[in-house]
Amino acid sequence: MGLKNDKFPSSAAFDAINEALSSSEADKKDAIKQGNAVFAFTLKNKAGETESWHIDLKEKGTVGTGLGTKPTVTLSLSDEDFSKLVSGQANAQRLFMSGKLKIKGDVMKATKLQPILQKAQTKAKL
């Protein structure tokens, strides 16, 4: 079962991230070493509904639905802004400064996410 939710078009990125992590054991180990955290995402669609996903780069190197176990950092943003972030059209710092991206938890860990999202950019066609 995929991680994509049709109500959240950008959620296809979670499948791409999962694919990138599971395609190579070396990439997975590298991502865990770089991330060393559980990243949770709460996206809000145009209808005002919210849904959550997580990327576990602390132990397993997996992607799943829900917030996961004790997320190190939780990023909340709109489905549209997440799509722009993953596709490289938006900058996380600008989204954060403009109030479009809210971060709970370890803000410094959030900065470790960019290289992981860039790997997904090459696989995701958003």
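Modeller: The model is a predicted one. Helix 2 covers residues 25-35. At its start, a side-chain oxygen of Ser-24 comes to within 3.3 Å of the backbone nitrogen of Ala-26. Within the helix, Lys-28, Ala-31, Ile-32 and Gly-35 are buried. Viewed down the axis of helix 2, the buried residues fall within an arc of 100°, so they line one face of the helix. Ala-26, Lys-29 and Lys-33, on the other side of helix 2, are exposed.

Just after helix 2, Asn-36 has a positive phi of about 45°. Next comes strand 1, residues 38-44, which is mostly covered, with six of its seven residues buried. Strand 1 pairs with two other strands, strand 2 and strand 4. With strand 2, residues 50-56, the pairing is antiparallel and runs over seven bridges. Phe-39 has Ile-55 of strand 2 as its bridge partner. The hairpin of strand 1 and strand 2 has five residues between the strands, and Gly-48 in this hairpin takes a positive phi near 85°. With strand 4, residues 73-78, strand 1 pairs in the parallel sense over six bridges. Here the bridge partner of Phe-41 is Leu-75. In a regular strand, side chains alternate between the two faces of the sheet.

Methods: Residues numbered from 1 in each chain as written. Predicted model: local features only at pLDDT ≥ 70, side-chain atom pairs only at ≥ 80, totals over all residues. Heavy atoms only, no water. Buried < 20%, exposed > 50% of the residue type's maximum accessible area, 1.4 Å probe, protein only. Helix = DSSP H or I, 4+ residues; strand = E, 2+ residues; numbered from the N terminus. Arc of directions from axis to C-beta. Polar contact = N/O pair within 3.5 Å; in protein donor to acceptor, adjacent residues only side chain to side chain. Pairing = 2+ DSSP bridges.
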